[in-house]
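Open your viewer, switch to a cartoon view and follow along. We will go stop by stop, from the sheet to the helices and then inside.

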Amino acid sequence: MPQADVALLRDAYRDFNSADFPAASQALAPDIEWVESGTGMPYSGTWHGTASVVNDVWTSFVQYWGGPGVVGMETDQFLDAGDHIVVTGRFTGKDSAGHTLDAPCAHVWRMEGGLAVRFQNYTDWTVANVAFWTGRAGE
């Protein structure tokens, strides 16, 4: 696992957390395949290309969970898996009403030529969704 790839991904997570999507997207190949596991979320599915990731996944994700600064990704480990890097961590956040998000996840990145060409997100959004939205029905 080239350390340059790890550094690139660390920077991308930092930029994502500060909602600097143009900077975060510099880690992505123009034709990246982005897979969000699960169903029922506005960003679930398979997406192709940097613009689609930024507009259809990242922007949708941040809006769904409450806006920039409300939700982020805390990384834990960057694991060498041959031509892949596995990043473990958790999505966390707390909105102004005090509702919290805490969803463990694993991200599998395939890197080629110093850029991410494929991404797969493994997060149980059903559990995270219920926990975050519980008690919001009357708001």
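Start by selecting residues 100–112 and 115–123: these are strands E5 and E6, which run antiparallel and are joined by eight bridges. Helices (H or I, at least four residues) and strands (E, at least two) are DSSP runs, numbered from the N terminus, and two strands pair if DSSP finds at least two bridges between them. Now pick Cys 105, whose bridge partner in E6 is Thr 123.

A word on what you are looking at: this is a predicted model, in which local features need pLDDT of at least 70 and side-chain atom pairs count only at pLDDT 80 or more, while totals for chains, interfaces and linings use all residues. Residues are numbered from 1 along each chain as its sequence is written, and side-chain values use heavy atoms, with hydrogens and water left out.

Next, show the whole sheet. Its six strands lie in the order E2-E1-E6-E5-E4-E3, forming an open sheet with mixed pairing. Look at the edges: strand E2 (45–48) and strand E3 (71–81) each have a single partner strand, so one side of each is left without a neighbour in the sheet. From one strand to the next, the twist averages 20° (axes are lines fitted to C-alpha atoms, for helices over the stretch in contact, and angles run from 0 to 180 degrees between N-to-C directions).

Now for the inside. Select Phe 16, Trp 34, Trp 58, His 107 and Phe 119: of the 20 residues lining the largest cavity, these lie nearest its centre. On a 1 Å grid over the protein atoms alone, a cavity is a set of points where a 1.4 Å probe fits but cannot get out, and lining residues have an atom within 4 Å of a point. Which elements give two or more residues to this lining? They are H1, E1, H3, E5 and E6, and H1 gives the most, with four residues.

Finally, zoom out to the whole protein, with its four helices and six strands. From the N terminus on, the elements run α-α-β-β-α-β-β-β-β-α.

Terms used: On a 1 Å grid over the protein atoms alone, a cavity is a set of points where a 1.4 Å probe fits but cannot get out, and a pocket is an open set with protein on both sides within 12 Å along at least five of seven lines; lining residues have an atom within 4 Å of a point.
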